[in-house]
Amino acid sequence: MSASQIPPATAVPGDDVPTLLVKIFGKDRPGITAGLFDTLAAYGVDVVDIEQVVTRGRIVLCALVTTPTDAGAAEGDLRATVHSWAESLRLQAEIISGRGDNRPRGTGRSHVTVLGHPLTAESTAAIAACITGTGGNIDRIFRLAKYPVTAVEFEVSGVATEPLRTALVTEAAALGVDVAVVSSGLQRRAQRLVVMDVDSTLIQDEVIELFAAHAGCEAEVAEVTAQAMRGELDFEQSLHARVALLKGIDESVVDKVRAEVRLTPGARTLIRTLKRLGYQVGVVSGGFTQVTDDLMERLGLDFASANTLEVVDGKLTGRVVGDVVDRAGKARLLRQFAAEAGVPLAQTVAIGDGANDLDMLNAAGLGVAFNAKPVVREAAHTAVNVPFLDTVLYLLGVTREEVEAAETHSD
């Protein structure tokens, strides 16, 4: 078809144009949607909007159409025909006259993802009331997943993302549910970079403790860790103090530690799904490259950076070589990975559990505190407090069905 043959676009009905809202509900079965529009087609109407949802085998189908314009096709005939068709299928029909299209959505649009384990009616009511209290309007709600957690997404308009996030994070903490609020727009579907902490995030272990167990200095390492947590040592000081306790260990211990590392439940699923969606994935760690390099190869990661234990003559020297990956270093590496990946910082996701991750979480477009300490949960954009790392996918709008499809097609 040439450009001159392309028909002009049909104008969106104005507020003065008569329209009909046709609602069909009842037991779902194949052919209902096609049957309704076959019925409406006889009256020459135009489709303005459609919405359909099926819940536990029950369908609700709404069609907003223009009223019949054909002189021989009165609105009354359309109503009678639709009701007759619905009754023949043991469905119920409701037809409401009105004018124009739906009311325009308000400015300021966000996606609010709620994770519950379980998701109670009480918490759902409180979240909805909080959205309304900020001046937001709930335009749509749908379920992303039913396991391992219940995840639902609210599409909200009428309020800016930041004040909505502030209000909901406070409410969610009191309710014991996890809530993420992200801006709506094309960037949500754009390619992203996801960067994770390793210890107690990607894996269930603290790598320094695994090494300490082989060196017989677990208690000493634990004491240095406690000093750091009390603020008596900064991260770099505590790292050097703990690594010094490993001096003299045979290099063969590295292979033993790698074998002992336990991935967090859902870690493989998270990474496989992200990779199939075209995302790039990396890790930054205050741990050691002797472990992160192995994880990078095993999991197909795009980026990895950590501290490196010095080895001389087959023995650990009790020192690290190169720049220390500390709190500031993690944020710097996030920016470096984003630049190398060609992904704007606003489209990065950072996941971590400790204070050492805070700069990275705050620098990312979305910072996720995963089973984190209270100070980290309070400072991050959102928190996940269930032990399944793949639940982070729901915060990105990925459904359980998409996750399962990625798993099915994984090599």
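**Close-up views of a predicted model**

**View 1. Ser238 sits in helix α7.** The place of S238 is in helix α7, residues 235–244; helices here are DSSP runs of H or I with at least four residues, strands are runs of E with at least two, and both are numbered from the N terminus. This is a predicted model, in which local features need pLDDT of at least 70 and side-chain atom pairs count only at pLDDT 80 or more, while totals for chains, interfaces and linings use all residues. Residues are numbered from 1 along each chain as its sequence is written, and side-chain values use heavy atoms, with hydrogens and water left out. With a relative accessible area of 1%, S238 is buried (buried means under 20%, exposed over 50%, and partly exposed in between, with a 1.4 Å probe and protein chains only). Its side chain reaches the backbone oxygen of F235 at 2.8 Å. Leaving aside residues up to four places away in sequence, S238 touches V224, A228 and L233 (contact means heavy atoms within 4.5 Å).

View 2. T161 belongs to helix α4 and is buried, with a relative accessible area of 10%. Not counting residues up to four places away in sequence, T161 touches R109, S110, V181, V182 and S183.

**View 3. Helices α3 and α4 pack against each other in a right-handed crossing.** The axes of α3 (residues 121–133) and α4 (residues 161–175) come within 10 Å and cross at roughly 160°; axes are lines fitted to C-alpha atoms, for helices over the stretch in contact, and angles run from 0 to 180 degrees between N-to-C directions. The two helices are therefore roughly antiparallel to each other (angles under 35 degrees count as roughly parallel, over 145 as roughly antiparallel, 65 to 115 as roughly perpendicular and the rest as oblique). A crossing is right-handed if the near helix is turned clockwise from the far one by less than a right angle, and left-handed if anticlockwise. From α3, S123, A126, I127, C130 and I131 meet L164, A167, L168, E171 and L175 of α4. By class, this contact has 8 nonpolar, 1 polar and 1 charged residues; Ala, Val, Leu, Ile, Met, Phe, Trp, Tyr, Cys and Pro count as nonpolar, Asp, Glu, Lys and Arg as charged, and the others, Gly among them, as polar.

**View 4. Helices α8 and α10 meet at an angle of about 50°.** Here α8 and α10 (residues 289–299) pack with their axes 10 Å apart. That angle makes α8 oblique to α10, and their crossing is right-handed. V254, V257 and R258 of α8 make the contact with Q290, V291, D294 and R298 of α10. Sorted by class, the contact has 3 nonpolar, 1 polar and 3 charged residues.

**View 5. Arg262 lies in the loop between α8 (253–260) and α9 (267–276).** R262 is partly exposed, with a relative accessible area of 44%. Although R262 and L202 are 60 residues apart in sequence, their C-alpha atoms are 8.9 Å apart in space. R262 also touches I203, Q204 and D205, not counting residues up to four places away in sequence.

**View 6. Helix α1 (residues 32–41) has several buried residues.** In α1, I32, G35, L36, F37, T39 and L40 are buried. Their cover includes strands β1 (18–27), β2 (47–55) and β3 (58–66) and helix α2 (75–88).

**View 7. S200 and D313 have positive phi without being glycines.** S200, in the loop between β9 (193–196) and α5, has a phi of about 65° and is partly exposed, with a relative accessible area of 26%. For D313, phi is near 55°. D313 is found in the loop between β11 (303–312) and β12 (315–321) and is exposed, with a relative accessible area of 76%.

Technical notes. Polar contact = N/O pair within 3.5 Å; in protein donor to acceptor, adjacent residues only side chain to side chain.
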